[in-house]
Amino acid sequence: MKTSGTGPDTKSAEPLDRAVVFLGPPGAGKGTQAKELARKYGVPHLSTGDMLRENIAKCTPLGERAKPIMAHGELVPDSLVLKMVAQRIEEPDCAHGFVFDGFPRTVAQAQYLGELLKQHGYKRALVIHFAIDPSLLLKRITGRRMCKVGGEIYNIFERPPKVQDRCDNDGGELEQRPDDREEIVAPRLQAYEKQTAPLVAYYRRLGRLHDVDASQSVADVAQHVIEIVRGTRRVDPA
Ligand code: AP5
């Protein structure tokens, strides 16, 4: 499975040269947009969820610790996630920026990221918040299917593949994430409200949050995101 920190496929003429952070509830569309943006700029897509799932698949000590926690829809402790992220951004493919999807997720993680970026000589992260009506999330989460080979994201209700259960890009088999079962959705949303929503407030207080209406189509959200990244769109009022 091609997952964690998916490396860039091509070099972009337009440099990113910074960290972009996608923040938002489970199923808001962060992964879909992060893949697209990373592809566009030729930088890695760093999904902490994918990195943890890869560790679980490989039965590493980190994976063994994370597995039962993720199965219950709870957040993995900061101590484990921070070390994993610090190691990943030291890899050479991160030299020209990267797109974080699902990290940071707590105020402590955000503060650590700020220090880490400073240490590596990066400017401050650009933070994009996926704002969405919670009533849309259940269908997005339970309908999601991911390609076992390339990690491409589909939705059986809204974004189905051309051939059932097969990836349009590489023909890989599509699978459902274990935590996308309906009974795990509520605890995931609760963890978001309790631990990650305060981070949204934190960045907003600092005047660093760029809101995107994530209930729009994939193309419209992508357009809004690119305008924010290029600086051609102003920070929306809170
Ligand atoms: P993670 O893998 O990060 O999952 P998540 O944050 O819960 O987010 P999702 O992947 O569910 O949703 P998404 O916003 O990426 O949506 P997507 O683009 O796929 O985390 C999993 C677990 O790992 C956590 O619960 C935790 O245990 C652990 N973890 C990870 N990071 C951690 C951290 N930093 N600290 C501690 N623990 C951590 O889209 C969803 C569906 O909607 C898809 O089917 C897609 O096709 C569809 N869709 C997308 N956009 C649209 C649109 N605009 N219109 C219609 N459909 C759309």
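**Packing in the predicted model**

Leaving out neighbours within four places in sequence, Phe-98 is in contact with Leu-16, Arg-18, Ala-19, Val-20, Val-43, Pro-44, Leu-46, Ile-89, Leu-117 and Tyr-122, contact meaning heavy atoms within 4.5 Å. This is a predicted model, in which local features need pLDDT of at least 70 and side-chain atom pairs count only at pLDDT 80 or more, while totals for chains, interfaces and linings use all residues. Residues are numbered from 1 along each chain as its sequence is written, and side-chain values use heavy atoms, with hydrogens and water left out.

Phe-98 also belongs to the largest nonpolar core, which has 36 residues; Val-76, Ile-89, Phe-98, Phe-100 and Tyr-203 have the most contacts inside it. Such a core is a set of buried Ala, Val, Leu, Ile, Met, Phe, Trp, Tyr and Cys residues joined through side-chain atoms within 4.5 Å. Buried means under 20% relative accessible area, exposed over 50% and partly exposed in between, with a 1.4 Å probe and protein chains only. Two or more residues each come from S1, helix H2 (48–57), helix H3 (61–71), helix H4 (78–88), strand S3 (98–101), helix H5 (107–119) and helix H7 (182–205). Helices (H or I, at least four residues) and strands (E, at least two) are DSSP runs numbered from the N terminus. H4 gives the largest share of this core, six residues. Apart from it lies another core, of 24 residues, among them Leu-37, Leu-126, Ile-141 and Val-221.

Next come the aromatic rings. The whole structure holds five aromatic pairs; rings of Phe, Tyr and Trp (its six-membered ring) pair if their centres lie within 6.5 Å, and planes under 30 degrees apart count as stacked, over 60 as edge-to-face and the rest as tilted. Phe-22 and Phe-130 form a tilted pair, 5.0 Å centre to centre with 55 degrees between the planes. This pair links distant parts of the chain, Phe-22 being in strand S1 and Phe-130 in strand S4, 108 residues apart. Both of these residues are buried. Phe-100 and Phe-103 are tilted too, because their ring centres are 5.0 Å apart and their planes stand at 55 degrees. Ring pairs join Phe-98, Phe-100, Phe-103 and Tyr-122 into a cluster.

Val-221, a member of the 24-residue core, is one of the buried residues of H8, along with His-224, Val-225, Ile-226, Ile-228 and Val-229. Their cover includes strand S1 (19–23), helix H1 (30–41), strand S4 (126–131) and strand S8 (209–213). Gly-231 follows H8, with a positive phi near 80 degrees.
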